[in-house]
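Dear colleague,

I am handing over the structure below, and my notes on what was found in it follow directly after. Please read them with the structure open beside you.

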Amino acid sequence: MNFKEALVGRRSVRRYADRPVGREMVSSLIEAAEAAPSAGNLRAREYYVVARPELKAALAAAAFGQEHVASAPVVIVVCADPARSGRRYGDRGQLYSIQDAASATTCLLLAAFDMGLSGCWTGAFDELMVREILSLPRRLVPTAIVPIGWPAERPAPPPGRDMAEAVHWIEG
Ligand SMILES: Cc1cc2nc3c(=O)[nH]c(=O)nc-3n(C[C@H](O)[C@H](O)[C@H](O)COP(=O)(O)O)c2cc1C
């Protein structure tokens with residue numbers, strides 16, 4: 001698979017085979033995530049890797065009953081660390097830390113696809129519940145719940161959009 005194929009072929013997958021995802025694979029995913037750009041290379045992001053069934057179920061409940069979160073063999077919760085960015089960048093650091101976490105999430109999902117794994121960026125959740133479930137330190141903001149597993153479905157690509165709405169060329 002070349003890079004373009006990975007970019008275009010990756011899908012959000014919400015059904016997973018009953019097959020474990022080993023620690024080494026998870027470590028590779030996080031390594032890929034950490035290769036993502038970050039503001040000032042501060043990497044204002046952290047990862048919680050959850051494989052305990054009760055906690056996955058609690059995270060699914062926090063995600064308003066999104067069962068794919070509970071059914072994945074492993075769930076990675078990506079968190080932003082606004083204070084880490086804020087020490088260098090002040091208020092702007094709030095935004096940078098969220099962007100650091102988002103760029104890492106994207107790379108993690110692309111790396112998963114490259115390894116034959118799949119996942120789903122799950123952003124709809126009750127932040128306070130996730131904080132409590134994971135006993136997060138106050139400085140961290142959970143930004144994405146990412147269930148990871150071996151795909152048991154092949155979703156069709158979503159519809160495209162009229163790029164003329166989204167791309168604004170300023171030339172000449
Ligand atoms: C910020 C963000 C939040 C998302 N939240 C959810 C979510 O809560 N539940 C879900 O099933 N998918 C969620 N998604 C996945 C999108 O639905 C999905 O990326 C989109 O439909 C395009 O499909 P694709 O990923 O297969 O290309 C989220 C994606 C992003 C980037």
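To begin with the ligand, a polar side-chain atom of Arg-11 lies 2.8 Å from one of the ligand's oxygen atoms, which falls under the heading of a polar contact (a pair of N or O atoms within 3.5 Å). Please bear in mind that this is a predicted model, in which local features need pLDDT of at least 70 and side-chain atom pairs count only at pLDDT 80 or more, while totals for chains, interfaces and linings use all residues. Residues are numbered from 1 along each chain as its sequence is written, and side-chain values use heavy atoms, with hydrogens and water left out.

Arg-10 also has a polar side-chain atom 3.0 Å from a ligand oxygen, whereas Trp-121 places a backbone N or O atom 2.8 Å from a ligand nitrogen. The protein covers 60% of the 620 Å² of accessible area that the ligand has on its own, areas being computed by the Shrake-Rupley method with a 1.4 Å probe. The residues around the ligand, taken as those with a heavy atom within 4 Å of it, include Ser-12, Gln-66, His-68 and Pro-158; by class, the shell divides into four nonpolar, five polar and three charged residues.

Turning to the aromatic side chains, the count comes to one aromatic pair, where rings pair if their centres lie within 6.5 Å, and planes under 30 degrees apart count as stacked, over 60 as edge-to-face and the rest as tilted. Tyr-89 and Tyr-96 have ring centres 5.0 Å apart and planes at 85 degrees, so this pair is edge-to-face. Separately, Arg-19 lies over the face of Trp-150, at 3.7 Å from the ring centre (CZ of Arg or NZ of Lys must be within 6 Å of the centre and within 35 degrees of the ring normal).

Finally, the count of disulfides, meaning cysteine sulfur pairs within 2.5 Å, comes to zero. The sulfur of Cys-79 is 17 Å from the closest cysteine sulfur, in Cys-120, which is too far for a bond. Cys-79 is buried, at 0% relative accessible area, whereas Cys-107 is partly exposed at 24% (buried means under 20%, exposed over 50%, partly exposed in between, with a 1.4 Å probe and protein chains only).

How values were computed
Polar contact = N/O pair within 3.5 Å; in protein donor to acceptor, adjacent residues only side chain to side chain. Nonpolar A, V, L, I, M, F, W, Y, C, P; charged D, E, K, R; others polar. Phe/Tyr/Trp six-rings, centres within 6.5 Å; stacked < 30°, edge-to-face > 60°.
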